Amino acid sequence: MRKVISHAEASKGKIILFIDEMHTLPRAGDSDGVADAASMLKPALARGRIRCVGATTFDEYRKHIEKDTALERRFQKVVSRWTGIPITELDRDEKVKLVHLADRLHERVVGQNEAVDLVAEAVLCSRVGLARGGEPVGSFLFLGSTGVGKTELAKALAEQLFGSEKMLLLDDGVLTDGQGWNVDFKNTIIIMTSNLGANHLTAGNTLKVAHDLLMKQVRKYFKPELLNRLSEIVIFEPLSHHQLKEIVNIQMKEIIVRVDVILKDAALDVILSESYNPMYGARPIKRWVEKNIITIICKMLVNGEADEGSMITIDAAMDKKGLKFQVAKNLRPENPEPMVSSRREKVKDIHVGTKTW
Ligand SMILES: Nc1ncnc2c1ncn2[C@@H]1O[C@H](COP(=O)(O)OP(=O)(O)OP(=O)(O)O)[C@@H](O)[C@H]1O
Ligand SMILES: [Mg+2]
């Protein structure tokens, strides 16, 4: 059994375990008689390292699996995702939305795959009616350093589910409710975020050591009554240089709509070396981009150096400390469908960054 699990884990999702008569799991022992099969499966399922489909009858499920809440929780997720239970009551639009929820969340949230997948799965389960009625869709504790996407994911989720990022946020222990006192937690997603123990994530420990130290601190601080009621505790990782670059690109797209901008890779490096501070995660990037790129483009638009439809290429300056803006103006903006869009090139060296601006 252990060998089968580790084999499936090593396949990174390519092997899907199919367990027939899965209600026998809690009683099936290993040959050495140390642990039952369910306990062996749980850690791998909890970490999302294996994919598993189980078959049983409703009666057997209720009798044997439901009693083991930890196991049941794992299987609710997997079963709904892999068995293709018909999502009959949902209209087509909502089905499409649900299936692509994780991808949509990733349009705003870079990396943090575990967290994104877990919340997307919780929503999916609750929508197809597999979650227990009357309970929240899911309750999560997001842990990790500052500026790594915890609140961003909560906002992205709210935007996808409710069409607005303004959702009740139980953020850092404060319940923010603009409306009233009575909050019905049915159909709610509860997300709590904390930086507790996050210093271990950036202290140069290996991933496992860092997670263990962090969780130790979390268990010391939060009461088990709270922790045991959460659907998931997710640790957000520090962002890699590559992920930070993606975040800069997302932020540029959000802010700049009137002109086309090409951000060269070397420019991304300059932006990050000038703005990024591991202490604050991606937080300072937006402000830096606004201060040092957006203002310049705005000025160019005002003084006529660039206009709507211009293509602005941003590259690193020679000294790799500032940025170089190159404007290609669209010469015939009045022509609705120009066959060839001719652009007049103009290079402008503007050294931005803390040193020259
Ligand atoms: N993983 C990410 N993907 C996309 N943007 C991110 C990510 N992490 C951080 N950002 C950017 O940085 C800003 C701050 O991130 P966020 O508010 O999610 O931090 P946090 O993890 O909640 O930190 P804190 O613990 O201080 O509350 C976001 O508004 C977003 O622009
Ligand atoms: Mg936050």
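Which of the 17 residues around ligand 1 come nearest? They are T146, G147, T151, N195 and Q251. The model described here is predicted.

**Location**
- The elements contributing two or more residues to the shell around the ligand are α8, spanning 150–162, and α11, spanning 241–255.
- With three residues, α8 makes the greatest contribution to this shell.
- Ligand 1 lies between domain 2 (87–238) and domain 3 (241–350), because both domains give residues to the shell around it.

**Composition of the shell**
- Grouped by class, the shell around ligand 1 consists of six nonpolar, seven polar and four charged residues.
- Among the residues that come nearest to the ligand are T146 and G147, together with N195 and Q251.

**Polar contacts and cover**
- T151, also one of the nearest residues, places a polar side-chain atom 2.8 Å from an oxygen atom of ligand 1.
- The backbone takes part as well: a polar backbone atom of G149 is 3.0 Å from a nitrogen atom of ligand 1.
- A polar backbone atom of V148 lies 3.1 Å from an oxygen atom of the ligand.
- On its own, ligand 1 has 630 Å² of accessible area, and the protein covers 90% of this area.

Definitions and conventions:
Residues numbered from 1 in each chain as written. Chains lettered and ligands numbered in written order. Predicted model: local features only at pLDDT ≥ 70, side-chain atom pairs only at ≥ 80, totals over all residues. Heavy atoms only, no water. Near = heavy atom within 4 Å. Polar contact = N/O pair within 3.5 Å; in protein donor to acceptor, adjacent residues only side chain to side chain. Areas by Shrake-Rupley, 256 points an atom, 1.4 Å probe, with all protein chains shown as cover. Helix = DSSP H or I, 4+ residues; strand = E, 2+ residues; numbered from the N terminus. Nonpolar A, V, L, I, M, F, W, Y, C, P; charged D, E, K, R; others polar. Domains from an automatic or database assignment.
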